[in-house]
Amino acid sequence: MTAPLSPAEAGGAGAAASPAAPASTADRPQQPASPWRLAWHRLRRQKAALTGLGIIVFFVLAALLAPVLTAISGKGPADTDKKAINSYLGGLPKGSFGGMSPEHWLGVEPMLGRDIFARLLYGAQISLLVAFASAIMITLIGVTLGVLAGYFGGRIDAAISRFMDVMMSFPSLIFMIALLSVARDVNRVLLLIVVMGVFSWPYIARVIRAQTLSLKHREYVEAARASGTRSSRILLTEILPNLSGTIIVYITLAIPGLIGTEAALTFLGVGVRPPTPSWGQMIADSVLYYKVDPMFFILPSACLFLVVLGFTLLGDALRDALDPKGGRS
């Protein structure tokens, strides 16, 4: 009789008879990360980008929650409080720091006694709405014409390029002021969006045209064209996806300028009209009181500065994250 195997020998024999153990996950080839995931990782490492994103999220939430926040404070943007101003001092707010109190968290406007906190919230709605809507309009027009000009070339490119040159030769700010001054009984917010969009699209169109000229000669586009794919499908599936990074960066960098343009036009008296609140309008009204009531001037100016700063920081970081060779990262 043969002696029984020891436990160690039995384990060794079983291990030899069993199939090979699967390779560890560390030995498996990893899938390459997508360009968007790499860009997000680069973006998260930049404090300036996170700071800009935080500022933008703060003001967007403040604008969206304006009805809730004003309901909590108990004061609307058009409500006046004559008890909060001193009629013997030319209508200046009572108390320090522009009349800040438990009833008016950021003070009141001189003369009328309207709550500054409520008007800042609703002013954020107007500024962001005009900027975002104008950016969407600019993107739709500019990307469409820029892609068509760059991809098809020839007479189409010549016609669209000459049209862009004509639009860019206009002194846009003067024409905006003239058009907004002539218009009377119209929706001022909608008119601002249309006017700003009409005069701003050629800049992104030229960028997109140049990018499309480069992309249409790539191997994958040539292969799709050789296989008989229609031009419309090539534009939607091959060209536009590769332009998405450029479009996102341009929009992010264009929004600060659009916010500043809306505030400037309103400051000049041709933009948003009272009683609709706007930061540009508040800054224009505060010019007469900046010496005796500086908070009335500082608060809307600080909001305008912070929003523009937030979008500028985020736009610069996005450009560096999506184009690390051309950026600083």
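**Loop, Pocket and Cavity**

Colleague: Where does Leu65 lie?

Modeller: This is a predicted model, in which local features need pLDDT of at least 70 and side-chain atom pairs pLDDT 80 or more, while totals for chains, interfaces and linings use all residues. Residues are numbered from 1 along each chain as its sequence is written, and side-chain values use heavy atoms, without hydrogens and water. Leu65 is found in the loop between α3 and α4.

Colleague: Does Leu65 count as buried, partly exposed or exposed, and why?

Modeller: Buried means under 20% relative accessible area and exposed over 50%, with partly exposed in between (1.4 Å probe, protein chains only). Because its relative accessibility is 40%, Leu65 counts as partly exposed.

Colleague: What share of the protein chain is buried?

Modeller: The protein chain has 329 residues. Twelve helices and two strands occur in it, where helices (H or I, at least four residues) and strands (E, at least two) are DSSP runs numbered from the N terminus. Of the residues in the protein chain, the buried share is 39%.

Colleague: Which element gives the most to the lining of the second largest pocket?

Modeller: The second largest pocket holds about 210 Å³ of space. Among its 13 lining residues, those closest to its centre are Ile138, Ser200, Tyr203, Leu258 and Thr261. At least two lining residues each come from α7 (172–182), α8 (188–215) and α10 (231–267). With five residues, the element that gives the most is α10.

Colleague: How much space lies in the largest cavity?

Modeller: On a 1 Å grid over the protein atoms alone, a cavity is a set of points where a 1.4 Å probe fits but cannot get out, whereas a pocket is an open set with protein on both sides within 12 Å along at least five of seven lines; lining residues have an atom within 4 Å of a point. Points are joined across faces, edges and corners, and a volume is the space filled by probe spheres set on them. One cavity of 30 Å³ or more is counted. The space in the largest cavity is about 30 Å³.

Colleague: Which elements give two or more residues to the lining of the largest cavity?

Modeller: Ala135, Ile138, Thr139, Ile204, Tyr250, Ile251 and Ala254 line the largest cavity. Two or more of these residues come from each of α5 (116–152) and α10.
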